[in-house]
Protein chains: 2
Amino acid sequence: VLDLGLGDRWLLFKTDAVVEGVHFTAETPAHLVGRKALARCLSDIAAMAGDPTGALVTLALPAGFDAARVEAAYTGLNQLAREFGVAIVGGETTTSPGGWLISVALLGTVARDRCVLRSGARAGDALFVTGELGGALRGKHLEFTPRLAEARWLAGHFRVHAMLDLSDGLAGDLRHLLNASGVGAELLADAIPVSRAAKLQARDHPTAHPPLTAALADGEDFELLFAVAPAEAVPLADAWRTAFPGVRLSCVGRVSAEPGLRLRDRRGIRPLAAHGYAHFQQP
Amino acid sequence: VLDLGLGDRWLLFKTDAVVEGVHFTAETPAHLVGRKALARCLSDIAAMAGDPTGALVTLALPAGFDAARVEAAYTGLNQLAREFGVAIVGGETTTSPGGWLISVALLGTVARDRCVLRSGARAGDALFVTGELGGALRGKHLEFTPRLAEARWLAGHFRVHAMLDLSDGLAGDLRHLLNASGVGAELLADAIPVSRAAKLQARDHPTAHPPLTAALADGEDFELLFAVAPAEAVPLADAWRTAFPGVRLSCVGRVSAEPGLRLRDRRGIRPLAAHGYAHFQQP
């Protein structure tokens, strides 16, 4: 978030890279690779309740790359750019030291009085998440819709105290928000919106995370997590159903003055040791 | 060059990546790798007579990277950032599909009435280059000084019609400037400032480019090439010597209405088939 003298707006500035073998494979349809490269950056602009404006695309390609695949990647990227009013204003193509790498640098702006950081959550706030969580690697990570419209609407109609987009899993990203805000939280196990993909994943692979664990720990959901004053929780949930009838919104817990992250289920309440995608231990 | 409503200024937005095995090797001192990654972007801001403001750094590293080498790279990058008043405002570290890759996204601003494009050269203009050309891979490509101060001074004191920074070699980059401006040019072989490195390179390696060819075709000089009205050429050269006594400035030729690029030497004048670094054929 930069102050470059844009009147009553801040400048938002973000880069994000997708790497073959990490964020996609050589078999991933190329238009979805290009789409994902931009969508991840858009999700970050959404997390600030901002409006994306222009992007530069850096494409690192190995020798002997497939030109048709490059064109397909740009097609997917350009299509998403048009959908969200982003101008692709330049970039470069360079040699990759291995497989494909696409890095997108994205600019956006946000009204100073609507910019939402992750550091403003207060004890008593209600915690909400959009959409459903877990199992994104089964497909959603390539086709998610950045929650730009939803975030703008939220910041325009309610006092959102803190917000971020879920890239490393609810448990890990919530911890980032809590640490930045100097507070703790209690999550309600039954309220967490477990995705169908997380359930199928657990059914198909006996060694996969149980569905709730997947919803807490899987990465790449790219949904919004935000905190609002308790008095706004019910009016917000009501207005949301009218504004975004196709997108689920769940109140998943409450911010507490007591530090740490706790999970409440039928068996009681206990600390959640989860640190997110990389370090999660099953509760 | 973007209009984001910054009063009387444009926003400048640039990304540039350096790749192990292409722009540096595993043996290159890491602080110079970091320095080069930022310096290349700064050179592009200089080419627009702009002021750099903030940068994001994307560092893609292979498994088993050397942490001390990463720290050294950031030290070199941060040192150059401080020198030129650039704030490193964020970035990310990701997995590389091969060797190191560092991509820098840089913002800058420029007063609208001082922004210099590459498309404004006019027939009759004098063509100048700063510094000396050729053989940059012997060392200068890692340690060049982006010509930010020189470019600002030029745009502040003279009507610079067109400018760019030399990354692909004088012949190739001049052709870009001429094509963008819809004009041609004649270069004077004896006026081209051949670097000592280009001469040493030709002496040490019988198969290397002759020095003049190296000055025309070698890449990574990162000097400024610019066009000014003929009436300003002499006053500019005089004032330059006072302003930048340590930096050579050479009038290397003249813009012509006739399209194409020609080289004049003692043997006469002939077309220069050079397209720059990749495609140059010895004249």
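The model is predicted, so local features need pLDDT of at least 70 and side-chain atom pairs count only at pLDDT 80 or more, while totals for chains, interfaces and linings use all residues. Residues are numbered from 1 along each chain as its sequence is written, chains are lettered from A in the order in which they are written, and side-chain values use heavy atoms, with hydrogens and water left out.

Chain A has eight helices and 12 strands (DSSP runs, H or I of at least four residues for helices and E of at least two for strands, numbered from the N terminus). Its radius of gyration is 19 Å, close to the 19 Å of the globule rule for 283 residues, so chain A is as compact as a globular protein of that length (taken over C-alpha atoms; the rule is 2.2 Å times the number of residues to the power 0.38). Of the 283 residues in chain A, 57% are buried (under 20% relative accessible area, with a 1.4 Å probe and protein chains only).

Turning to chain B, helix α5 spans residues 170–181 and reaches 16 Å from its first C-alpha to its last, close to the 16 Å expected (1.5 Å times one less than its number of residues). This helix is mostly covered, with nine of its 12 residues buried; among them are Leu170(B), Leu174(B), Leu177(B) and Leu178(B). The cover over the buried residues of α5(B) includes strands β6 (126–130) and β7 (160–165) and helix α7 (211–217) of chain B. Just after α5(B), Gly182(B) takes a positive phi of about 70°.

Conventions:
Buried means under 20% relative accessible area, exposed over 50%, partly exposed in between (1.4 Å probe, protein chains only). Contact means heavy atoms within 4.5 Å.
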